[in-house]
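Welcome, and please take a moment to look over the sequence and the 3D view before reading on. The paragraphs below are meant to be read with both at hand.

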Amino acid sequence: DDPTMKKLFLLLPLFLMLSGFTMPKEKDLVHIDDIEWTKQTLSERLEGKNEWTDEADTSGKFNRIHTLLYFEKGTATIRVKENKVAMVDFRFTSKREAKNMLNDIGFGVSKNVVDVLDGKLDGYHVVTSDKMLIFAKDSDNFLLMVVYDQGAIRDFMDTIDKD
């Protein structure tokens, strides 16, 4: 029981605060009301050309689906409902890129996320006040879904509650 160590331990939060440690800050990557701006921003973020497919959604849950065609760091699919970005799916083959995007969207890397990255946990989801994030591993791919549509979030939560 060294009193000096206790004092140093108590000062640790102060050092972290002074060193500028902050929670991940969300980058401005998605504007729900501006699909074209979101396409441009995501293609730049993923170091791809701003070239997307445009197709109807056969499931009927969304109106249009746009998928980035050329990408370096990962791929993105934007699901549109009533001319708004309702959901963005990301797919990465690199753990590092998956972590970077989790930080960029302000989610950060928790223990559960690390467990998904390491294959110890199939998936993880969290609901915030304005969106839902689902993170999962599928063979060699890391899947990140960000849902902005409140109706889709409610539908998803209803299916979770029934399980």
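What follows is a walk through some helix residues, aromatic rings and charged pairs.

A few ground rules come first. This is a predicted model, in which local features need pLDDT of at least 70 and side-chain atom pairs count only at pLDDT 80 or more, while totals for chains, interfaces and linings use all residues. Residues are numbered from 1 along each chain as its sequence is written, and side-chain values use heavy atoms, with hydrogens and water left out.

Helices here are DSSP runs of H or I with at least four residues, and strands are runs of E with at least two, numbered from the N terminus. Is Thr41 buried or exposed? With a relative accessibility of 14%, Thr41 counts as buried. The cut-offs are these: buried means under 20% relative accessible area, exposed means over 50%, and partly exposed lies in between (1.4 Å probe, protein chains only). If we set aside neighbours within four places in sequence, Thr41 is in contact (heavy atoms within 4.5 Å) with Asp28 and Leu29.

Helix H2 also holds Lys39 and Glu36, which sit 3 residues apart, about one turn of the helix. Their side chains form a salt bridge, with N to O at 3.4 Å. That term means a side-chain nitrogen of Lys or Arg within 4 Å of a carboxyl oxygen of Asp or Glu. Lys39 is itself buried, at 9% relative accessible area.

How many salt bridges does a search of the whole structure find? The search finds 12. Another of them pairs Asp54 with Arg64, at 2.9 Å from N to O. This pair links distant parts of the chain, as Asp54 belongs to strand E1 (residues 52-56) and Arg64 to strand E2 (residues 64-68), 10 residues apart. Asp54 is partly exposed at 48%, and Arg64 is partly exposed too, at 33%.

Lys95 and Asp118 make a further salt bridge, and their closest N and O atoms are 3.0 Å apart. Lys95 lies in helix H3 and Asp118 in the loop between H4 and E5, so this bridge ties together parts that are 23 residues apart in sequence. Lys95 is partly exposed, with 38% relative accessible area, and Asp118 is partly exposed with 39%. Elsewhere, salt bridges that share partners join Lys27, Arg45 and Asp104 into one network.

Now for the rings. The structure holds 3 aromatic pairs. Phe107 and Tyr124 form one of them: their ring centres are 6.1 Å apart and their planes are at 20°, so this pair is stacked. Rings of Phe, Tyr and Trp (its six-membered ring) pair if their centres lie within 6.5 Å, and planes under 30 degrees apart count as stacked, over 60 as edge-to-face and the rest as tilted. Phe107 comes from the loop between helix H3 (95-104) and helix H4 (111-117), and Tyr124 from strand E5 (residues 123-127), so that distant parts of the chain, 17 residues apart, are linked. Phe107 is buried at 18%, whereas Tyr124 is partly exposed at 23%.

Phe135 and Phe142 are stacked as well, with centres 6.5 Å apart and planes at 15°. Both of these residues are buried.

One last stop is Tyr70, where Lys49 lies over the ring face, 5.0 Å from the ring centre. A charge sits over a ring if NZ of Lys or CZ of Arg is within 6 Å of the ring centre and within 35 degrees of the ring normal.
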